[in-house]
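The following note is intended for a colleague who is meeting this structure for the first time. Please read the numbered points with the sequence and the model open side by side.

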Amino acid sequence: MKYNVWASTAECNQKLHCAYTESNGAPIFLFFSVNGSGRFVGVARMASEVDFETELPYWNVRRKWMGSFELEWVLVKDVPNAKLGWLKYNGDTSVVRARNGQEMPRELGIRIMGILIKHNTRRSIMQEFVYYDALEFHDFITILN
């Protein structure tokens, strides 16, 4: 969020790269949640192809997140999983169980976006940036040592 870029696993980056390049200019929206938080935290639109060569120092501590792409955040707010848990994909799987890189049908994405937009809250992950900044600084110092 802070840098308007994202990185993912090699497999997910490949899927996202293909989706972006094959979209013919149609937007690719990504729904974000924090693992174990019980909430969705935002929606972003892919704003570039995946650059497979770039390593972002603030995410690459464990060399898991290789490559990156630009994002444009369109919605940032906390929405409890309970507001979305009844929505299903692939027949019977709740959207709150979706994993990194899970593709959703367009119609389902529109429904999710509508719920996120309508949910009334003042809370967002941005309020937790002090914690994440400290964690990032600690990881950066670890890299230097």
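This is a predicted model: local features need pLDDT of at least 70, side-chain atom pairs count only at pLDDT 80 or more; totals for chains, interfaces and linings use all residues.

1. Asn13 is buried, with a relative accessible area of 0%; buried means under 20% relative accessible area, exposed over 50%, and partly exposed in between (1.4 Å probe, protein chains only). Asn13 belongs to helix 1, residues 10-21. Helices (H or I, at least four residues) and strands (E, at least two) are DSSP runs, numbered from the N terminus. Leaving aside residues up to four places away in sequence, Asn13 touches Ala7, Ser8, Val50, Phe52, Met66, Gly67 and Phe69, where contact means heavy atoms within 4.5 Å.

2. Residues are numbered from 1 along each chain as its sequence is written, and side-chain values use heavy atoms, with hydrogens and water left out.

3. As to the overall layout, the protein chain has three helices and six strands. Read from the N terminus, the order of elements is β-α-β-β-β-β-β-α-α. Of the 145 residues, 32% count as buried. The accessible surface of the protein chain is about 9400 Å², and 52% of it belongs to carbon and sulfur atoms; such areas come from the Shrake-Rupley method with a 1.4 Å probe, and for residues only the protein chains shown count as cover. Among contacts with a separation of 6 or more, 68% are between residues 24 or more positions apart.

4. Trp6 lies in strand 1, residues 5-6. Its side of the chain is not fully covered there: Trp6 is partly exposed, at 26% relative accessible area. Which residues of the largest nonpolar core touch the most other members? Of its 13 residues, these are Val43, Leu84, Leu87, Val95, Leu108, Ile112 and Leu116. A nonpolar core is a set of buried Ala, Val, Leu, Ile, Met, Phe, Trp, Tyr and Cys residues joined through side-chain atoms within 4.5 Å. Strand 3 (39-46), strand 4 (69-80) and helix 2 (106-118) each supply at least two residues of this core, and helix 2 gives the most, with five. Apart from this core lies another, of 12 residues, including Phe32, Met46, Val50 and Trp73. In soluble globular proteins, nonpolar side chains tend to be buried together.

5. Leu116 deserves a separate remark. Not counting residues up to four places away in sequence, Leu116 touches Phe31, Phe40, Val43, Leu75, Lys77, Val79 and Leu84.

6. Is strand 3 largely enclosed or largely open? Seven of its eight residues are buried, so strand 3 is largely enclosed by the rest of the structure. Strand 3 runs antiparallel to strand 2 (residues 29-33), to which five bridges join it, and antiparallel to strand 4, with seven bridges. Two strands pair if DSSP finds at least two bridges between them. Across the pairing with strand 4, Val43 has Leu75 as its bridge partner.

7. Strand 2 and strand 3 form a hairpin with five residues between them, and Gly36 in the turn has a positive phi of about 85°. Within this pairing, Phe32 stands opposite Gly42, and Ser33 has Phe40 as its bridge partner. The covered face of strand 2 holds Leu30 and Phe32, whereas Phe29, Phe31 and Ser33 are on the uncovered one. In a regular strand the side chains alternate between the two faces of the sheet.

8. Asn24, in the loop between helix 1 and strand 2, has a positive phi near 55° and is exposed, with a relative accessible area of 75%. Asn90, in the loop between strand 5 (88-89) and strand 6 (93-94), has a positive phi near 50° and counts as exposed at 63% relative accessibility. Most residues other than glycine have a negative phi.

9. The last point concerns the surface. Phe137, Ile141 and Leu144 make a nonpolar surface patch of about 300 Å². Phe137 lies in helix 3, residues 129-144, and counts as exposed at 53% relative accessibility.

How values were computed
Patches are made of residues with over 30% relative accessible area and no salt bridge: like charges are joined within 9 Å, nonpolar side chains (Val, Leu, Ile, Met, Phe, Trp, Tyr) within 5 Å. A salt bridge is a side-chain nitrogen of Lys or Arg within 4 Å of a carboxyl oxygen of Asp or Glu.
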